[in-house]
Amino acid sequence: MSSEQGRKVLAQNRKARHEYDIEETYDAGLVLTGTEIKSIRAGKANLSDAYATVERGEAWLHHMHVSPYEQGGRFNVEARRTRKLLLHRREINRLIGKVKQKGLTLVPLTLFLQRGYAKVEIGLAKGRQVHDKRQAIAEREQRRDLERALSGRE
């Protein structure tokens, strides 16, 4: 639950950064019901299986799990329903072009609160092959070893 740039991170999709190379990121608002935002503020959301699409000129977030709010009663909605993403028209048009042209996918990376509004960081991602994943792990290990060696000298 870190806080950077006035953001309170509520959920992260750690698997996405391992499975994909992220080329660009966009911050998108979410259209939510009252009980959903209360549940999200309580930290009861999960992005692990989520993905985003652009259909008929609108961006949508699929399979994000938001647990039902405990005091919600009959106002609770389905936990994995499709939610609309709020982006500027030019951002949506750019995403449509990139996804069609280069075969990229839209992956939600983090769910955060900014000035009281729930937002999702969407990454324009390209899938990694198995050997690319191994190479990324090796590079990360080398960076860690280098940082350990440098911190030990000081």
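Trainee: What makes Arg-7 count as lying over the face of Phe-112?

Mentor: In this predicted model, Arg-7 is placed over the ring face of Phe-112, at 4.0 Å from the ring centre. The cut-off for the distance is within 6 Å, so 4.0 Å meets it.

Trainee: How many aromatic pairs are there?

Mentor: The count of aromatic pairs is zero. A pair needs ring centres within 6.5 Å.

Trainee: Is Arg-7 buried or exposed?

Mentor: Arg-7 has a relative accessible area of 10%. Buried means under 20%, so Arg-7 is called buried.

Trainee: What makes the contact between Asp-27 and Arg-7 a salt bridge?

Mentor: The N to O distance between the two side chains is 2.3 Å. The rule asks for a side-chain nitrogen of Lys or Arg within 4 Å of a carboxyl oxygen of Asp or Glu, so Asp-27 and Arg-7 qualify. As a general point, side chains of opposite charge can pair when their charged atoms come close.

Trainee: Which parts of the chain does a salt bridge between Asp-27 and Arg-7 link?

Mentor: That salt bridge, at 2.3 Å, links distant parts of the chain: Asp-27 belongs to strand 3 (residues 20-30) and Arg-7 to strand 2 (residues 7-12), 20 residues apart.

Trainee: Why is Asp-27 called partly exposed?

Mentor: Its relative accessibility is 32%. Partly exposed lies between the 20% limit for buried and the 50% limit for exposed, so Asp-27 falls into that class.

Trainee: How do you know that Lys-98 and Glu-24 form a salt bridge?

Mentor: Their side chains meet at 3.2 Å, N to O. This pair also joins distant parts of the chain, with Lys-98 in helix 3 (residues 89-102) and Glu-24 in strand 3, 74 residues apart. Lys-98 has a relative accessible area of 17%, which is under 20%, so Lys-98 is buried.

Trainee: Why are Arg-144 and Glu-141 separated by about one helical turn?

Mentor: Because they are three residues apart in helix 4 (residues 130-153). Arg-144 forms a salt bridge with Glu-141, with the closest N and O atoms 3.4 Å apart. Arg-144, at 39% relative accessibility, is partly exposed, and Glu-141, at 34%, is partly exposed.

Trainee: Which residues do salt bridges with shared partners join into one network?

Mentor: Glu-24, Arg-94 and Lys-98 are joined in this way. By the distance rule, the count of salt bridges comes to nine.

Trainee: Which residues line the largest pocket?

Mentor: The lining includes Asp-27, Leu-30, Arg-41, Tyr-117 and Lys-119. A lining residue has an atom within 4 Å of a pocket point. Strand 3 gives the most, with four residues, and strand 3, helix 2 (34-41) and strand 10 (117-127) each supply at least two. About 200 Å³ of space lies in this largest pocket.

Trainee: How does the lining of the largest pocket divide by class?

Mentor: It has seven nonpolar, two polar and three charged residues.

Trainee: How much space lies in the second largest pocket?

Mentor: About 150 Å³. Helix 1 (14-19) and strand 9 (105-114) each supply at least two residues of its lining, which includes Lys-15, Glu-19, Thr-105 and Val-107. The lining divides into six nonpolar, three polar and two charged residues.

How values were computed: Residues numbered from 1 in each chain as written. Predicted model: local features only at pLDDT ≥ 70, side-chain atom pairs only at ≥ 80, totals over all residues. Heavy atoms only, no water. Buried < 20%, exposed > 50% of the residue type's maximum accessible area, 1.4 Å probe, protein only. Phe/Tyr/Trp six-rings, centres within 6.5 Å; stacked < 30°, edge-to-face > 60°. Lys NZ or Arg CZ within 6 Å of the ring centre and 35° of its normal. 1 Å grid on protein atoms, 1.4 Å probe; cavity = no way out; pocket = protein on both sides within 12 Å on 5 of 7 lines; lining within 4 Å. Points joined across faces, edges and corners; volume = space filled by probe spheres on them. Nonpolar A, V, L, I, M, F, W, Y, C, P; charged D, E, K, R; others polar.
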